[in-house]
Amino acid sequence: MDNTRRFSSPGELKAALGTEQYIASDEIATIMYLSQELGKPLLTEGPAGVGKTELAKAIAQATCRELIRLQCYEGLDETKALYEWEYAKQLLYTQLLRDKLHETLSGTDNLSAAADRLADEEDVFFSMRFLLQRPLLKAILSEQPTVLLIDEIDRSDAEFEAFLLEVLSDFQVSVPELGTLAAVHRPLVVLTSNNTRELSEALKRRCLYLFIDYPSIEQEMAVVRLKVPELNAKLARQAVELVQSLRSMDLRKSPSISETLDWAKALVALNARHLDIPMLETTLSILLKHESDLQRAKRWMQRPSGNTRPGEDFDTRPSRWRN
Amino acid sequence: MEERIVKFIAALRAAGVRISLAESEDAFRAIHYLGIKDREMFRLSLQSTLVKDANNLPVYDELFPIFFGGNEMPPMINPSDDLSPDEAQMLAEALRQYNDQLRKLLDKLTNGERLSPEELERLAKMVGLTQMDNLHYREWMVQRMKKALHFREVQEALQELAEILGKLGMDKQRAEQLTQLMQANQQVIEDQLRQFAGQRIAENMSDRPKDEGIDSLLNRPFNALSDRDMERLRKEVQRLAAALKTRVALRQKRAKSGQLDAKATIRANLKHANVPIELKHREHSLKPKLVVICDVSTSMRYCSELMLSLLYHLQDLISKTFAFAFINRLEFITPDLVDRDPHAAVAQVLERMPAGYYNTDLGNSLEDFQREHLGTVDSRTTFIIVGDGRNNYNDPRLDIFNTLAHRTRRTIWINPEAPGLWGSGDSDMLKYAPSCDVVLQANTLAQLTAAVDRLLT
């Protein structure tokens, strides 16, 4: 029974993502919708922690599809991503089935006849039973439509990327012993990249492109209100404003949305009434994960003038290096 | 509409966005699904199918309104409709004192007329807009057309017009109202000019013939490159790097010579009932560690920038890169390279260099290096200098250079000058050369690529 869902307009998709607690901008909803209509993979790029992976999870929930995730890393190869023969199981079976094999082969008079008969039974050992399905094959062979998330594709090697091209353009895989396996349903494919290296033109050509940037104050407010409803509105706004101004500073690692949420939860847990310096000092490490960033932010907050533009006179370079 | 989209794609390509045929086909399919009625959805369907690089988004955002919509300019108001015959008379009188050139535009403002296509065409010819095919010059073109129309003089005239009308006996409030309307009209005409300039440039871009083959550029010396050539080479670097990458990656892969990898061996030999028939070895890490010192003085800038670009694109083949730039002082620039392209990074570094008169001084820069960054150099490092070795008769500090060369695995000097010129004038190249393992001449991008290929072996 196919109970998965297709959307008939970007608006519907946006609303559906909304019920899964994912606040999508019009841009995200429209491009996601196009990806569904065109049957093309969606490549999302953007800074870490803006909800790229979250988008794939939400779309899987919203469409009632199973989410199959392939986490990329350096050295990932076909046997980990696509399929592998389960040698141990094959061996075990031949051992256990020895009697049966003996029986099958007993009627033959010479060696070549035995070999022929064995060859007839070969299919048993190279069947789906012994094929260990890795995420890509699983997504292709699944009886139900699925969402395939290929996470952090930029971490994999260039060779793996090239291999992925075949899968993404035709959604079929050839296994030498079994022939070509084609997709039952085209999965919705979401690729994410943190842009640590340039992806190949060929891969980009096969995908739709979506750049997700840090959200605006309003969007981030909406996310915080949705995910941490216990935090009162005024405090939430102050918190979001602070995070936004931290992002405009030249930090080694800017705080992401997930870190804003962690911080908001921490504020709730600590029962904070308002944001004051001691409260900030104790909780700021949730937002900033580098000592130098922390020092910088603290110095900025302690300045008497307060909320002027943080990026501006926050130059720690010696004056002779400024221009 | 289709024609318009095709032109738009051509203009995007001219602006340096890589768009394949398959992608433009996708764009049309996307439009088929979402239609063109909703402008925002239309924009997004084209954007997601055509632009695959966040760096190209600004270009897209600039070109899109020029090609599609944004045509709804505020309507011109015709102030003269509203005037009584007496007032019209006074206005005509007041305007009479301006010369013909100003009168032309002033009349348009009083009658609420826009510039006709013929007038725009004439202006375009006059200011040279017909040849422009770069959006950078859009605002400049607008300024020139404004000048040709005597915009500033008309503005001044409008300011005194209210006064003159008052003297002629018009009600003060009415006179002010009138001139305000005329000023608003002038703003509309300025917007018209801006839009026209954008459209014209965009059209020129989409009509531009394809650039001649890149091969000749690859072999052109750095000092003979124009800005535009450089622009194209910057894009080419990416492709060269990709080609280089496959080659080097293959080489690194084949050069497996590490110790036995027990885990992988057991896994590989399960099919032989664990009789170790195929041996697997650990991959020997051949990724080099680089310390690059680049001369970014005017003569060397292009060479250094392209070198940094190449290295930037090859990051995943290199275990670690420390990049430095110098003119008379050393700057650590790896942080600049992390999230910017090398062109922007080099520009940024140059901004940090003190303004004014300075000389290339490698000696002093080496001293900086020894003092602050010696920790980056160890016996596994490949030490690369990109420079012409011209020190302006400063102390070359050979002692430091020799120590560094001694401490590193390899020392490679990349010099764009022909060997015949080494040692001439203020060149200290011949003094440095004996301490280097290899000195490579790289005066063109092709040579530079070959040099990078060598240092990754």
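Tutor: Buried means under 20% relative accessible area. Please keep that cut-off in mind, and note also that this is a predicted model.

Student: Which residues of the pair Glu331(B) and Arg329(B) are buried?

Tutor: Both Glu331(B) and Arg329(B) are buried, so each of them falls under the 20% limit.

Student: What makes the contact between Glu331(B) and Arg329(B) a salt bridge?

Tutor: The rule asks for a side-chain nitrogen of Lys or Arg within 4 Å of a carboxyl oxygen of Asp or Glu. In this pair, the closest N and O atoms are 2.8 Å apart. The contact is therefore called a salt bridge.

Student: How many salt bridges does this rule give over all chains?

Tutor: The count over all chains comes to 35 salt bridges.

Student: Why is the pair Arg6(A) and Glu37(A) called a salt bridge?

Tutor: The closest N and O atoms of Arg6(A) and Glu37(A) are 3.7 Å apart. The limit is 4 Å, so the pair meets the definition. The two residues lie in distant parts of the chain, 31 residues apart. Arg6(A) belongs to the segment before helix H1 (10–19) of chain A, whereas Glu37(A) sits in helix H2 (residues 26–38) of chain A.

Student: Why is Glu37(A) called buried?

Tutor: Glu37(A) has a relative accessible area of 17%.

Student: Asp428(B) forms a salt bridge with Lys431(B). Are Asp428(B) and Lys431(B) buried, partly exposed or exposed?

Tutor: The closest N and O atoms of this pair are 3.2 Å apart. Asp428(B) has 8% relative accessibility and therefore counts as buried. Lys431(B) has a relative accessible area of 46%. Exposed means over 50% and buried under 20%, so Lys431(B) is called partly exposed.

Student: Which residues do salt bridges with shared partners join into one network?

Tutor: The network consists of Glu139(B), Lys146(B), Glu190(B), Asp191(B) and Arg194(B).

Student: Let us turn to the sheet. What is the order of its six strands?

Tutor: The open sheet has the order S3-S2-S1-S4-S5-S6 (chain B), with mixed pairing.

Student: Why are strand S3 (330–332) and strand S6 (438–441) of chain B called edge strands?

Tutor: Each of these two strands pairs on one side only. From one strand to the next, the twist averages 20°.

Student: How do you know that strand S5 (residues 410–415) of chain B pairs with S6(B)?

Tutor: Pairing requires at least two bridges between the strands.

Note on methods. Residues are numbered from 1 along each chain as its sequence is written. Chains are lettered from A and ligands numbered from 1 in the order in which they are written. This is a predicted model: local features need pLDDT of at least 70, side-chain atom pairs count only at pLDDT 80 or more; totals for chains, interfaces and linings use all residues. Side-chain values use heavy atoms; hydrogens and water are left out. Helices (H or I, at least four residues) and strands (E, at least two) are DSSP runs, numbered from the N terminus. Buried means under 20% relative accessible area, exposed over 50%, partly exposed in between (1.4 Å probe, protein chains only). Axes are lines fitted to C-alpha atoms, for helices over the stretch in contact, and angles run from 0 to 180 degrees between N-to-C directions.
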